[in-house]
Amino acid sequence: MARRSYAQFGNADYGIWYRFAAVLVKPVTTALVKPDWRGWEHLPKEGGFIAAVNHNSIIDPVIYAHWQYNSGRPPRILGKSSLFSIPFIGFMLRKTGQIPVFRESTDAAQAFRAAIDAVNNGQCVQFYPEGTLTRDPDLWPMTGKSGVARVALMTGAPVIPVAHWGAHEIIPPYGRPGYGKGKFNLFPRHRVVVAAGPPVDLSKYRGQELTGQVLTDATEDIMAAITAVLADIRGEQPPAERYDMRKAARERAAAALAERRRAKGGVDDTEEAAQ
């Protein structure tokens, strides 16, 4: 397991609350995980940057935070606002400078302003570009949301793709069958890999107007870089087409509509098109 001295980084922002949180959390992750930490050489030694990370288990944030903390550059993680209302957990999230995300509300932009300020102040800000646990059947990264690209292009900060693999064997996504015998597989300890890759090349977008197409293309470049790191960890070829939650939802809705029409003795869309 690679190790690095915190002293190698001149601007590591470890305060008393961050260190206290580490004392509480690291023994838990150490008890559950056989860590295989890789790629710290790709992290900037100084200045703000963005870590864009894949998401396939609810314990990903804890394991990623352990990896990032040990790198010498403590992260500021964007998390669901509901977590900040949980007693003690919310207190610790605020004290360690984590950033709440208010989904589908007028306060949603606050997270991006806070992320931009943190990056501009030389800190590491972590995003889950997918916005939620992957729904890809084989746990590959889905299509991403544009927030990470927007912050990157507005700040000019490097984006470091990070992938982890193995946490899904401890707590499978949504208790999905096929990954372990139950919803929680805490023991024996599972090997979990967290790895970073080289910064994503977003130079062709610098200076351009942040149109929807520019943000979409930059986001896909970021997701492709994360997928490449994960493919290297897994030693497998990722799917040719990225899973798209919106497309999948439309397809499910169309299939359900066709099924209702068939059940009522009607003609479904496919049959109508064939006539």
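**View 1. Strands β1 and β7 run side by side in this predicted model.** Strand β7 covers residues 190-196. It is joined to β1 by 6 bridges, and the two strands run parallel. Look for P35: it stands opposite V192 in β7. In general, strands of a sheet pair through backbone hydrogen bonds, either parallel or antiparallel.

**View 2. An open sheet contains 7 strands.** Their order is β1-β7-β6-β2-β5-β3-β4. The pairing is mixed. The edges are β1 (33-38) and β4 (99-101), and each of these pairs on one side only. Neighbouring strands are turned against each other by 25 degrees on average, direction ignored.

**View 3. Helix α5 crosses helix α6.** Here α5 is residues 147-155 and α6 is residues 212-234. Their axes come within 8 Å and cross at roughly 100 degrees. Angles of 65 to 115 degrees count as roughly perpendicular, so α5 is roughly perpendicular to α6. From α5, the contact uses V148, A149, R150 and L153. From α6, it uses V214, L215, A218, T219 and I222. By class, the contact has 7 nonpolar, 1 polar and 1 charged residues.

**View 4. T29 sits in helix α1.** The helix runs over residues 16-32. Is T29 buried or exposed? It is buried, because its relative accessible area is 6%, and buried means under 20%. Leaving aside residues up to four places away in sequence, T29 touches V62 and H66.

**View 5. F88 and L139 each have a positive phi.** Most residues other than glycine have a negative phi. F88 is not a glycine, yet its phi is near 65 degrees. L139 is not a glycine either, and its phi is about 65 degrees. Where are they found? F88 is in the loop between β3 (75-80) and α3 (89-95). L139 lies in the loop between β5 (124-127) and α5. F88 has 48% relative accessibility, so it counts as partly exposed. L139 is buried, with a relative accessible area of 1%.

Conventions: Residues numbered from 1 in each chain as written. Predicted model: local features only at pLDDT ≥ 70, side-chain atom pairs only at ≥ 80, totals over all residues. Heavy atoms only, no water. Axes fitted to C-alpha atoms, helices over the stretch in contact; angles between N-to-C directions. Helix = DSSP H or I, 4+ residues; strand = E, 2+ residues; numbered from the N terminus. Parallel < 35°, antiparallel > 145°, perpendicular 65-115°, else oblique. Contact = heavy atoms within 4.5 Å. Nonpolar A, V, L, I, M, F, W, Y, C, P; charged D, E, K, R; others polar. Buried < 20%, exposed > 50% of the residue type's maximum accessible area, 1.4 Å probe, protein only. Pairing = 2+ DSSP bridges.
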